[in-house]
Amino acid sequence: MCCRPASRLLGLKLEGGWKVVELLKRPPAATGGHFSVSYKVIDQNGRTGFLKALDFSKAFQDRVDTARALEAMTKAYNFERDILKKCKNQRLSKIIIPITDGSVDIPGEISDYKKVMYLIFELADGDVRKFYNLSEKIDLAWCLRSLHNTAVGLRQLHSHGIAHQDLKPSNILFFNKKFEFKLSDLGKASDREFPCENDEIPVPGDMGYAPFELLYGYTTTNEFYKRYGIDLYLLGSMIFFYFSDISATQAIKLKLSGYSGPSLNDKNFINVLPYIKKAFFEAVKDLEMNIQQKAGKLTNEIIIIVKELCEPDPEQRGHPSDRKTLPFDLEKYVSRLNLLAKKAELGIY
Amino acid sequence: MNVNDDYKKRQIIPRWYPFNYAFHLGEIIPKNKPQVSIWTPRSYKLKEQEWLFCKKLPYAIDFVGTALVANDYSNVNAVEASKFILRNSKRVSVLSKQVAEKFLQIPDSTPDFDLSNQKVYRKKISLLRKYVHAYPQNAIAWVDMAFYYAVLGYNDKANYCITVALNLAPENRFVLRSATRFYLHMKNPEKALFFLQNAELTRYDSWLLASEISVSKAFDLRTSNIKIAKNLLNKSNEPPKDLGELFGTIGTLEAMNGKNKIAKRLFKSALIDPNENTVAQAEWISGSIGFNININRNIEAAFEANSRYFFKTKEYRTSLEATLKWLRYQPFSSFPVQLATYIAGVCLNDFQEVLHIVKEDAPLLLDKDFVIKNNYIFSLASLDKIEEAEEQFASINYINLKEREKATYHATKGLIKFRKGQIMEGRRLYSEAIERFEKLKSERGITLAKYYLTREEKRIGNDVKEMIDQVIRLAKKLGLNELLQSETLVEKN
């Protein structure tokens, strides 16, 4: 591992006065992508950043079609970079956008891939999992503000034709000083303007969070706007996470009474949808009990939001009054979650 | 005392029970070991590594939850993580604990298949009403609510619930099969077939095909699905459990057409992994068509099959026990109540038991089903509770009865007259009943009427030797063993 160029950035000085000061030790795959290494960087003014160094060395391993692997890696990198650039240009405040990007030559490296490309992001204090222990010790205001900021982030993406598709606790970062939450990792996103590989993948995001229509191969994504429906489900799933420690998908699967669950061969989503809906209702019932203990009078409104966002039938998802005119619109949820967060912050519950 | 004659027409009509029964009995999905399906291997691997890297509850829960979604039950790390969650279960939510338990496959409880507690029905309805109010899109809850309404006899309300469910989920097996059974309960087979035949799913779902063909054949209605069903049976790779009813349905058709060899082969396939309905069909067909099939009756909820089997082997007490379980399992169905009262009354000569069965297990059916009412009145009269018998008898609306029922009506009226000491009137009414059965060519009706006339004549001390000989002849011809071993006929010797 230490031989890989991307793993040898520690101590290097980069363009713009950045210095690599710490290798962020994470599980081998936990780098937000499958071919990157993470570092902490600091600039001349003492500003810290998070550096994501792209590791293309895997493409040169034995038994790997190097050309194809390189093509896939660079495509993925370029897509993420372009989409982040778009977010930066549009000044999307609730998205983690790169401060800069560039490349650096690894001293002493003589191989053909001595140049390491990188992206530097603002350094968060951690993803929400770091600050959220378990639903037992939940801080209601913190959770609701996180949900509100997440909804704002998704709305910002949607308004610029981007569907995130991989919203989950590890992709919501927290900035303690500003008490702010931002969305990260657009590696599984789809952009209305730029078709990419993610558009062809049946389950672009984490399967533990993915809505059931994707797990069943039910093609709702032919029309781009339907991808926004996935984000709505994932937003609702975060409510499940905060109040019960598991995602909506995991909770529904749990309630499918031993049902073996979907497989890629299943094409009968519509036929099994009533069972999924029954399981969903039972999961919401249990969730409601958990929320009741923590959120008191706010429970009812939170449950209504969960039901609308996580509705298993994608055709029925979202606010009822928006389904025909503005399907999967997030505006109402931003307002509702903001109101809930404010009430929680003021202790009115 | 009688029972509706189902000997010529039994088909594999779908059962109707609450969703948890259907699920437990494997009618919703096969009970095979689920296939591992990992759609996003990288993120899954990451969760596993995160758990191994940092053994804390949030990582354990997310990893096990995702392993559950992927059906990756053999993943040793996920098993370890599940145990870790359960060791710390006080610190996690109920749902997280359930995820760990489910992953370790701590089994769900087995239903007791006893729906006889009528006090529960209203509570269930009240709960289900809350459910559909909270989430009206829950078609399964609507069907379950319809079930409990139907059991309580609120057919209009049940109809409304079924209509909503069909609108919500017109392509769902459980909804369609439940609706089918409901419309048959409402004596509307055409409507049952309408929904089955209009569902696209019926073209390739073996359970629905079986239901469609069975209902069509049971009510002499048209079906165009037999060829499709045969093709499906020839080509399908579905598990035997899913094909059992269809094999049984087509096997029944072949047997009815006299193709016993083919029928036997089809039933052999039907019985590889059958449900109780298919086993009951095999039991029925082996008795009525007359060929022997090896039937494993050790199937969950095989109450009807056991009832039929023990009836055939003249173990009437055991047969009654099985029939009582059957009627508690299908509480809105009148046939098991008819049979239970028949076995208790005719086979066991236990009229007190008949009264007990009706009062305890089928009070709501007493005023809805003529046969049950007749058996109840007959038992009251046999126990010399004449006043009560007459009171019940007066509530029968004679004009609405079918011809066969009218004949039975006269026989029972004859019994009451006998017990009141009006012997001549009693004889006249029994004769009229026998004449009516003769017109209907119901040998079974004739035999039973003559048998009970003999019993009454014997009771008042008349010479019944000739009558007994005649009844024995008829009973032997029809295979009515329950009469042959009765006191009325045996005491002759």
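Over which residues of chain A does pLDDT stay under 50? Keep that in mind while we look around, and remember that this is a predicted model.

The answer is residues 29–33 of chain A. The model does give that stretch 16 contacts beyond four places in sequence. Still, where pLDDT is low, the predicted coordinates should not be read in detail. The rest of the picture for chain A is an average pLDDT of 88, with 90% of the residues scoring at least 70.

Now, the overall build. Chain A has 9 helices and 10 strands. Its C-alpha trace spans about 60 × 50 × 35 Å along the principal axes. For 349 residues, a compact globule would have a radius of gyration near 20 Å, and chain A comes out at 21 Å, which agrees. Of those 349 residues, 51% count as buried. And if you take the contacts in chain A between residues at least 6 apart in sequence, 63% of them join residues at least 24 apart.

Let's turn to where the two chains meet. The contact takes 43 residues from chain A and 48 residues from chain B. On the chain B side, the elements giving two or more residues are α2 (41–53), α3 (57–69), α5 (94–103) and α7 (139–152). What is that side of chain B made of, in nonpolar, polar and charged residues? There are 26 nonpolar residues, along with 14 polar and 8 charged.

Notes: Residues are numbered from 1 along each chain as its sequence is written. Chains are lettered from A and ligands numbered from 1 in the order in which they are written. This is a predicted model: local features need pLDDT of at least 70, side-chain atom pairs count only at pLDDT 80 or more; totals for chains, interfaces and linings use all residues. Two residues are in contact if their C-beta atoms, placed from the backbone, lie within 7 Å. Helices (H or I, at least four residues) and strands (E, at least two) are DSSP runs, numbered from the N terminus. Ala, Val, Leu, Ile, Met, Phe, Trp, Tyr, Cys and Pro count as nonpolar, Asp, Glu, Lys and Arg as charged, and the others, Gly among them, as polar. The radius of gyration is taken over C-alpha atoms; the globule rule is 2.2 Å times the number of residues to the power 0.38. A residue is buried if 20 or more other C-beta atoms lie within 10 Å of its own, exposed if 12 or fewer, and partly exposed in between; C-beta atoms are placed from the backbone. pLDDT is the predictor's confidence in each residue, from 0 to 100.
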